[in-house]
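Please keep the viewer open as you read.

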Amino acid sequence: MNLYDLTIHQSHELLKNGEVSSTELTRAVLERISKVEEKLHAIVTVTEELALRQAQQADERIRSGDSTPLTGIPALIKDNMCTRGIRTTCASRMLENFVPPYNATVVEKLGDAGVVIVGKGNMDEFAMGSSNEHSAFFVTHNPWDLGSVPGGSSGGPAAAVAAGEAIYALGSDTGGSIRQPAGFCSIVGLKPTYGRVSRYGLVAFASSLDQIGPMTKDVTDSALVMNVIAGYDHRDSTSVNYPVPDYTKALSSDLNGLKLGIPREYFVEGMQKGVEEVMRTAIAKLEDLGATVDWEASLPSTRYALAAYYIIAPSEAMANLARYDGVKYGYSYDGENMWDDMEKTRQFGFGPEVKRRIILGTYALSAGYYDAYYLKAQKVRTLIMQEFQQAFEHYDALITPTSPTVPFKIGQKVDDPLQMYLSDVCTLPINIGGIPGLVVPAGFCDGLPVGMQILGKPFSEETLLRIGYAYEQATDWGQQRPPILERQNDAS
Amino acid sequence: MKLSREDVLHISTLCRMSMSNAELERFQEQISNILENFEILKEVDTTNVPPTAYPPPLENVIREDKVAPCLPQSDILANAPHQEEGYFRVKAVLD
């Protein structure tokens, strides 16, 4: 097995026993990057020097017997989390040269655990998009099929982890941005409960929906990363002060006694037949493992979630993105006067999808339309949250597809914003509800990955990880690595 | 809801983001199309339903009023496009 294909826990065993050093592991990952990156375009900035320096420090720490499960293990950070001294672009021209003066809390926590940062992951600009085609720099390709999208907005991190360009990654999820690309690239992605992980230093998109989470090769790794990044942070006023368990303790190989609901609204019209078949097989497997499954679960307001989301998220985004005025940091246009500077800074600094959402959000919040759009959407949000609450009185978890289709072709939806928005239809209600969602590889349809989404009530990450782990142990989907890359490398 | 060209121009002013003519036309069509799809929300009966702004039931999050270290001025100004004598520099706001 190649070192770059290892999981966190496999790497940790080898590091702890002195069978491999962090420097060797890091070099293997960096070599992998130099070999496959020209095909994937998953990374905005590769931080080779920093990585090798951190690896050396990790090796010293491991020798002194002071290592953690994450010490010395190479990670990719999505490029919307502030890294002190390392360019943080949000894949936008606006922040192309922005070098943060401080670390995001999650980056600080990984640093304390002995992380090796190999780079910053590509994404849709300001995390707005579902395909990575809205990166201002380049489009990331899906390692399972280079002609298809990796999903978004954390498409860079997802593709990188699947292809061995990092052992794991941190992503952010506002409407599915961790889970949909995790499903599209056949890795494990967890969006934690809103407030579980600090957002301090995460460049804000929609503040009531954004959450950071792990993107990993298996469920054990997801638990290990959560052990480090979860927890209260006084610098994030929406952070919740709730005890952090040892998430690895939740991993068990049977599902006896668990009651699972399958909300019928998630098997939507227009859903790809093959995706539905994969889901039915996966759910049957959960039954084999001891869970009770109810196919009659229902969340009737789901059909309104898309509209509510695409009013709430752009409204919050237009307020958050008002800060990009060319004065304090970022791109700055030199025009005729102060207003000209500001208006053209924003015209030339933002890409088309970001502009679309700023316009949509401005409209939804403007005089005369606030009640009809923004306030209405917030009320619908209440209804969606209440339905989740009621469902979790009956079920320990809900099981749904991650996306109605397998990864689509690059270029297929980029000119049709509404079609693009529809690819989030199974993931965005979870952000509206503030609940956690875990995606695990569930199989393939026409050779392309399908992810299973597991949902639970707030702070039920342990239950989700337990279900994901039991399923993962009983199947081998998660162990498959994209072969296409090797074939294409051999050919070149 | 169909947006007029004037609607889009008005929004453009509100969010201080100028647009080319081509952008204006494209956004007018696309945003109108999106808003039409959002009409579905009118079906929902939200009588007596309170709005939700944030998921967790947190209220009045305050911190102790004590001095803590902050970043040095030079670090903050390091990313500034234009600066002068420790200030961000902008063109005259009033003529």
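**A walk through the model**

A:P458 has a relative accessible area of 43% and is therefore partly exposed; buried stands for under 20% relative accessible area, exposed for over 50%, and partly exposed for what lies in between, with a 1.4 Å probe and protein chains only. You will find A:P458 in the loop between β11 (448-455) and α15 (461-474) of chain A. Helices (H or I, at least four residues) and strands (E, at least two) are DSSP runs, numbered from the N terminus. Not counting residues up to four places away in sequence, A:P458 touches A:T193, A:I435 and A:P436, where a contact means heavy atoms within 4.5 Å. Between A:P458 and A:F392 there are 9.7 Å from C-alpha to C-alpha, with the two 66 residues apart in sequence.

Before going further, a word on conventions. This is a predicted model, in which local features need pLDDT of at least 70 and side-chain atom pairs count only at pLDDT 80 or more, while totals for chains, interfaces and linings use all residues. Residues are numbered from 1 along each chain as its sequence is written, chains are lettered from A and ligands numbered from 1 in the order in which they are written, and side-chain values use heavy atoms, with hydrogens and water left out.

Now let us turn to a helix. A:A282 sits in helix α8 (residues 273-288) of chain A, and its relative accessibility of 1% is why A:A282 counts as buried. Leaving aside neighbours within four places in sequence, A:A282 is in contact with A:A442, A:M452 and A:Y471. What C-alpha separation is found between A:A282 and A:Q347, 65 residues apart along the chain? The answer is 47 Å.

Next comes a strand. In a regular strand the side chains alternate between the two faces of the sheet. In strand β5 (residues 188-191) of chain A, A:V188 and A:L190 point one way while A:G189 and A:K191 point the other way, and all are buried. β5(A) pairs in the antiparallel sense with strand β6 (residues 211-216) of chain A, over 2 bridges; two strands pair if DSSP finds at least two bridges between them. Opposite A:G189 stands A:M215 in β6(A). β5(A) also runs antiparallel to strand β10 (residues 437-445) of chain A, joined to it by 3 bridges. There, A:L190 has A:L438 in β10(A) as its bridge partner.

Some backbone details deserve a look as well. Most residues other than glycine have a negative phi, and most peptide bonds are trans. The peptide bond from A:G152 to A:S153 is cis, with omega near 10°, and A:S153 lies in the loop between β3 (116-121) and α5 (155-163) of chain A. A:A127 is found in the loop between β3 and α5 of chain A; A:A127 is not a glycine, yet has a positive phi of about 70°. With a relative accessible area of 5%, A:A127 is buried. A:H41 also has a positive phi, near 55°, and is found in the loop between α2 (22-40) and β1 (43-46) of chain A. At 27% relative accessibility, A:H41 counts as partly exposed.

Stepping back to chain A as a whole, its secondary structure comes to 16 helices and 11 strands. Of the 492 residues in chain A, 67% are buried.

How does chain B come out? It has 3 helices and 2 strands, in the order α-α-α-β-β from the N terminus on. The radius of gyration of chain B is 22 Å, well over the 12 Å that the globule rule gives for 95 residues, so chain B is more spread out than a compact globule. Buried residues make up 28% of the 95 residues in chain B.

One last residue brings the chains together. B:T46 lies in the loop between α2 (21-38) and α3 (73-77) of chain B. Leaving aside neighbours within four places in sequence, B:T46 is in contact with A:K376, A:K379, A:V380 and A:L383. At 10% relative accessibility, B:T46 counts as buried.

Terms used:
The radius of gyration is taken over C-alpha atoms; the globule rule is 2.2 Å times the number of residues to the power 0.38.
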